[in-house]
Amino acid sequence: MNGWKICRSVATAAALIGATLLLAGTAGAADICPRGVAGADVPVPPDLYSKNGVLRVSLNYDTTVDQAGRTLFCFQTPDGLESPTLHVNPGDTIIVELTNTVPDDHARKEIVSNKTDTCGDAVMTDSSTNMHFHGVNTSPKCHSDEVIHTLVNSGETFTYRIKVPSDEPPGLYWYHPHVHGISSAAVQGGASGAIIVEGIENIQPIVAGLPQRLLIIRDQPLQNPMSPRSGRAGLAPFWDVDVNYVPVPYPDYPPSVIRMTAGSREFWRVANAGANTILDLQVVFDGKPQPLQVVALDGVPTGSQDGKRQGTVLTEKHILLPPAARVEFVIAAPAGKVADAKLVTRTIDGGPASDSNPKRPLVRMIVSKAGKKLPRLPERSRPPHAQRFEDIDHAKVTAHRHLYFWETSFAPKKGPAEQGLFYIIVKGQDAQLFDPNNPPAITTTKGAVEDWTIENHTLELHEFHIHQIHFKLLEVNGKPVPKEQQQWYDTYQVGYWDGVSKTYPSIKVRMDFRGAVAGDFVYHCHILDHEDAGMMAIIRVLPKG
């Protein structure tokens, strides 16, 4: 089964499901996947906490159509909590009973599994779903964080059991659907939520006792599609964004609102849960960028993996967040004399073949004597636990690999004049679109430590992501990264090729397979339109011996 065939057969899944819902009527739809109003206050997502080492939750995968005709998707508890934040401790278990309530529209079906690897249903439809627990370093086995073959179809219920490692770094992770070919539509529909592994105050004392604020930034099709004669084509984004489901629509971008207490400092946990939108976040007071005291990236406290189990604070004026990336930082409330305080995303130069990601405001910060009451982090309670990736600098590198992103196109006999094909390729291997039945492109062994160089041979940005593990950034474009910036990530951007240079943009990263993870999982570009079009491959980690 061809990966591009899957993508084309279900690329209109959201539209097909939306049409089904419109024809069937949407009684009670106001209670399904509710959304905010432009310019409203940013709400606090609902919180669920583990108890006695276990967090149990039932989630329905739901859909509806909004007033602009866009198909929405969401994970919702039976009592109506949308996208709850799952709070766990290292060593806890998350048990999710997932029920797919999306109507089956009887569109094309694809068999993606055989008798030996079926997990859930073997047949993918336009309404299939599953869950990926992004960044959590857990097992890729069936009923855990497995996305290659796991399918939950309309009317079916599937149970996930996610064991959070006892050495998991404390920080921000997230969950979202990951069915190849329709992942972008599902995530743009809004089906995503946060996971917080508690305990960061024990590694980063600067955040102890601070009020914390969770911001999940998502993208979706434009609410006000651009007119070709509007004269604003160069300014228009490819996608709208929202903050905790409060929309910030093109072209006027009315920002959502955050209310802060005068003189306070807050701990912000920010996730880019967009399918395709790249963010470059900056807090600006009266046009002046403010310092952001960064304490974690992609769920890993900064500077915490050197064996000392204590973090460091990075002061930055802006933070690049590719789709799927997270940042956690401390920010001071604007002083009373500040007239205009905003969280913005800066313009992204994505290359000549990329989506448009212009500068736009996201949040307006309003200060009063009594701002919105927020939950506070606890004070430091105990010494930090062992960290999952610590002391890798003293480990022996067991392999060096070279990969690259590549794109091409073809003219089909029917349909659009040209269609794109997207690949991530191991140098020396043939180009293959992703297919869940492909053999692994890379095979390694548990306990390995590998250095990978990933190049970009295309005219647009790509965002390298690997499941189950994190990696340490070593080099960018062949130049060593300064020690304080050699942080741990699960998603990192690779610059675009200019079409002329003899060398390609690249990153070099250190992969840590020393944990308990063994089995098959994937790596891909986390611009999900690219992943759906084939830019993904399988890696197999064998047990030792």
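## Cysteine 525

C525 is buried, at 0% relative accessibility. Buried means under 20% relative accessible area, exposed means over 50%, and partly exposed lies in between, using a 1.4 Å probe and protein chains only.

This is a predicted model: local features need pLDDT of at least 70, side-chain atom pairs count only at pLDDT 80 or more, and totals for chains, interfaces and linings use all residues. Residues are numbered from 1 along each chain as its sequence is written, and side-chain values use heavy atoms, with hydrogens and water left out.

A disulfide is a covalent bond between the sulfur atoms of two cysteines. Here the criterion is a pair of cysteine sulfur atoms within 2.5 Å. By this rule the model has 2 disulfides. Counted along the chain, the bonded cysteines pair as 1-2, 3-4.

C33 bonds to C74, with the sulfur atoms 2.2 Å apart. The pair links distant parts of the chain, 41 residues apart. C33 sits in the loop between α2 (13-24) and β1 (47-49), while C74 belongs to strand β3 (residues 71-76). Helices (H or I, at least four residues) and strands (E, at least two) are DSSP runs, numbered from the N terminus. The S-S torsion of C33 and C74 is about -80°, so this disulfide is left-handed. C33 is buried, at 2% relative accessible area. C74 is buried too, at 0%.

## Disulfide C119–C142

C119 and C142 are joined by a disulfide, S to S 2.0 Å. The torsion about their S-S bond is about 90°, so the disulfide is right-handed. C119 lies in strand β7 (residues 119-120), and C142 lies in the loop between β9 (132-134) and β10 (150-151), so the bond ties together parts 23 residues apart in sequence.

How do the two ends stand, buried or partly exposed? C119 is buried, at 1% relative accessibility. C142 is partly exposed, at 36%.

## Nonpolar cores

A nonpolar core is a set of buried Ala, Val, Leu, Ile, Met, Phe, Trp, Tyr and Cys residues joined through side-chain atoms within 4.5 Å. The largest holds 68 residues. Within this core, W268, W452, F464 and Y523 touch the most other members. Strand β19 (residues 279-285) gives the most to this core, with 4 residues. Apart from it lies another core, of 27 residues, including L59, L86, V96 and I162.

What does W268 touch, leaving out residues up to four places away in sequence? Its contacts (heavy atoms within 4.5 Å) are R213, L215, I258, M260, V327, E328, F329, I331, L343 and M365.
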